[in-house]
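Here is a short briefing for a reader who works with coordinates. Please look over the sequence and the structure first.

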Amino acid sequence: MSVRIADVAVVGGGIVGAACADAFSADGLSVELIEAGIVGGGASAAGMGHLTVMDDSEAQFALTSFSLRLWKRLETALPAEVEYSRCGTLWVAADDEEMAEVERKRQFYTLRGVTAETLDARQVAEAEPNLRPGLAGGLLVPGDRVIYAPCAAAWLVKRAIAGGARVRTGVRAVSTDASMGAGMVTLSDGGRVSAKHIVDATGAASPDLVRPRKGHLAITDRYAGFVRHQVVELGYLKSAHGHDIESVAFNVQPRATGQVLIGSSRQYGIGDSRVDAHLLARMLRRAVEYMPRIATLSVVRAWTGFRAATPDSLPLIGPSPRNGQVLLATGHEGLGITTSLGTARLLADWVAGRKPPIPIEPYLPTRFPAEVHRG
Amino acid sequence: MKDSLAFEIVVVGAGPAGLAAACTASERARSVAIVDDNPAPGGQIWRGEARTPWIERARSSPVQLLTETQVVASPGEPALLAARGDRPVEIRYEKLILATGARERFLPFPGWTRPNVLGAGGLQALVKGGMPIAGKRVIVAGSGPLLLAVAAYLRRQGAKIAMVAEQASRGAVLKFARTVARSPSKLMQTLGLMRDLAGVPYRTGCWPVEAAQGEVKFRRGGRTWSEPCDYLACGFGLVPNTELAALLGCTSQDGFVAVDSRQQTTQPGVYCAGEPTGIGGAGLAIVEGRIAGYSATGRPDEARRLFAERDRGNRFRIKLQEAFRLRPELAALARPETIVCRCEDVSFGRIAEHRGWQAIKMQTRCGMGPCQARICGPAVDFLLGIPADSVRPPIFPVPAGLLAEDL
């Protein structure tokens, strides 16, 4: 088999790899995108497609808010099948303690220029009539968005191809080697790609520092207007998804089709991709606690996916400590759809030697000691 | 808390294979249950017939009939999760026999989604359920012996059968008829149908190409013409119901559940009988059901005595398959704008842009609706040679509240 030569070989055609191929291609670099399955068919397809500004840390805020700005620049260009929705996020507070969190969150966002509005009990009930009565209130973040990620990934790849990128699907990268300033990717069909830079965007399959976090989702038949915003419990941060090995949280989303997407669950240390009936039941019970009428909605499908989790919940963006030719673009955990565009921008700037719009340092893989990487 | 039941043998499906399996198993097993989503046993073929021998035998046996109970998932242990109305019920088993039957195959052609176009078996079920058909002009089209059975039934109910259009060639049908003539029971059945259908044109090598309001365009021997009719009842053979087997991890081969000589699937303790292992009709389904019943209750010798009868049934199955193989012209009827996935309104043109089932699903939503690809999946397989090879729980839509209850 011949060796193909490119400036950048992107391994992994999820939304992050697709965004990277698009960004490098836009910079005029020759790009080879290698995807073992289909574009956008892994964690990108398994998730909710929630584009959200998050405040767990300054670094997380910087990357999510920057990325959301990049998405908003695309909103008129995205085709209808991407189902770009301006539904916003409604963070729901069950009690006074969570209302204190609403206030903290509101201040955090407001100070940083993100619109956020505190809703009292009555306003929350008006915003989402299917929420149970008696909730304390909530925080509305109207700027958040929702997309259908598989089609977004496919669109980014189409744009990359239009810019000259070459895409190979159904082919695995079996090894990557680097020496003397060039990397070599060997493919499962015997082909090879020689590239100055290799981008590892394989998500939970990435060997460095990430561990798979399993999640469940369920989707209903069509009930247009049942839910209006992405509605998430604030316990998501506080208790529900703490450090337990297994947890669930109330998180529902209106799809453009009128379907209701119901989440969420987290499990570590599970390799089996099958739906866990007990955890699915727990997840649905949590949803029914917040929105009792969900119990009457017809569920047409449930599925699972694996996200790439890192020890500090920040992604790995930049040169691999083990191999400088390999640029990591992984570890995005639950925020890969949002942060895909920001990740691609940071890596493209790094390769081009441009000053990035936000500092890349918090996401550099070298923030972890080398021995952790080998583990 | 959900209800929980436990049986030594659980049979899913109360058609011929399931009834035979359960009755056979009940001779030996401590407890046997049949689970079926219909209100009465009999399956699609014996629907509404209270007095078939196997139904009577099951009713007079210790077999517990759990009707109106739809299996939707497998919680992981040797147990099924089923829906009875809006209530969940957990059904535990030591051995499981899948006799989930088959459904009609629909093929997309221009106009096939119009309200006057129905499945052949679907129209029969509607009429059995009280839909008035007397005096209506009906054309039955598609392929296979079931067309004749449906046409005869509808005629008995007062419908005017304008034509039965069989896509298979005259030569293929005649060759198959000679096979039937060697089997006395099948011959009697056929003669009975022919008597019911006296005077009804049976056109071989003939198929619908486009349906419109009040008329359907047919093709035969290079000629295309319109036939007026109130309903077009279509059935292009049967598709096995393999979703539950797939959910349980049973391997399939060429779209059918793979079984060994004892009817055991690749999952130990899980057996399969009837149409899911190959479309061979009620006779073969009953033999397979009995073999599965013997095997699941540890009686290999009794099972073995039925192998020759099963072999005969399988020879019939192969002849059936050869005679009524769908002609390739049928795959060329859909136009780019013809809807293939009715749940999600996805056209053939959009589907044909993609190369694999996962990409078709992800990029077009084909197969993502409430029917969960039961209709469009086989159609996509026939049109593009892409099998719809993914199954997700629940295998039938159920209220979230039902899935939310803990064991």
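The points below go from whole chains to single residues.

The model is predicted. Chain A has 375 residues, and chain B has 407 residues. Over all chains, the structure holds 39 salt bridges.

**Chain A overall**

- The secondary structure of chain A consists of 10 helices and 18 strands.
- The radius of gyration of chain A is 20 Å. A compact globule of 375 residues would have a value near 21 Å, so the two agree.
- Along the principal axes, the C-alpha atoms of chain A fill a box of roughly 65 × 45 × 40 Å.
- Buried residues account for 58% of the 375 residues in chain A.
- Take the contacts in chain A between residues at least 6 apart in sequence: 73% of them join residues at least 24 apart.
- Chain A exposes about 14200 Å², and 53% of that area comes from carbon and sulfur atoms.

**Chain B overall**

- Chain B has 14 helices and 22 strands. Its radius of gyration is 21 Å, close to the 22 Å from the globule rule for 407 residues, so chain B is as compact as a globular protein of that length.
- The C-alpha trace of chain B spans about 60 × 50 × 35 Å along its principal axes.
- Of the 407 residues in chain B, 55% are buried.
- Among contacts in chain B between residues at least 6 apart in sequence, 65% connect residues at least 24 apart.

**Salt bridges in chain A**

- A:Asp22 and A:Arg159 form a salt bridge, with the closest N and O atoms 2.7 Å apart. This pair links distant parts of the chain: A:Asp22 lies in helix α1 (residues 15-26) of chain A, and A:Arg159 lies in helix α6 (residues 149-162) of chain A, 137 residues apart.
- Is A:Asp22 buried or exposed? A:Asp22 has a relative accessible area of 9%. The cut-off for buried is under 20%, so A:Asp22 counts as buried.
- A:Arg274 has a relative accessible area of 58%. The cut-off for exposed is over 50%, so A:Arg274 counts as exposed.
- A:Asp272 is partly exposed, at 34% relative accessibility.
- A network of salt bridges links A:Asp27, A:Arg345, A:Asp349 and A:Arg354.

- The side chains of B:Lys217 and B:Glu210 form a salt bridge, at 3.9 Å from N to O.
- B:Lys217 is partly exposed, with a relative accessible area of 34%. B:Glu210 is partly exposed too, at 24% relative accessibility.
- Chain B contains an open sheet of three strands, in the order β12-β13-β14, with antiparallel pairing. Its edge strands are β12 (206-212) and β14 (223-228) of chain B, and each pairs on one side only. From one strand to the next, the twist averages 30°.
- Strands of a sheet pair through backbone hydrogen bonds, either parallel or antiparallel.
- How many bridges join β12(B) to strand β13 of chain B? Six bridges join β12(B) to β13 (residues 215-220), and the two strands run antiparallel.
- B:Ala212 has B:Glu215 in β13(B) as its bridge partner.

**A buried loop residue in chain B**

- Where is B:Ala334 found? B:Ala334 sits in the loop between α10 (307-323) and β20 (339-341) of chain B.
- B:Ala334 has 10% relative accessibility. Buried means under 20%, so B:Ala334 counts as buried although it is in a loop.
- Not counting residues up to four places away in sequence, B:Ala334 touches B:Pro108, B:Phe348 and B:Leu383.
- B:Ala334 and B:Pro108 are 226 residues apart along the chain, yet their C-alpha atoms are separated by 5.8 Å.

Note on methods: Residues are numbered from 1 along each chain as its sequence is written. Chains are lettered from A and ligands numbered from 1 in the order in which they are written. This is a predicted model: local features need pLDDT of at least 70, side-chain atom pairs count only at pLDDT 80 or more; totals for chains, interfaces and linings use all residues. Side-chain values use heavy atoms; hydrogens and water are left out. A salt bridge is a side-chain nitrogen of Lys or Arg within 4 Å of a carboxyl oxygen of Asp or Glu. Helices (H or I, at least four residues) and strands (E, at least two) are DSSP runs, numbered from the N terminus. Buried means under 20% relative accessible area, exposed over 50%, partly exposed in between (1.4 Å probe, protein chains only). Contact means heavy atoms within 4.5 Å. Two strands pair if DSSP finds at least two bridges between them. Axes are lines fitted to C-alpha atoms, for helices over the stretch in contact, and angles run from 0 to 180 degrees between N-to-C directions. The radius of gyration is taken over C-alpha atoms; the globule rule is 2.2 Å times the number of residues to the power 0.38. Accessible areas come from the Shrake-Rupley method with a 1.4 Å probe; for residues, only the protein chains shown count as cover.
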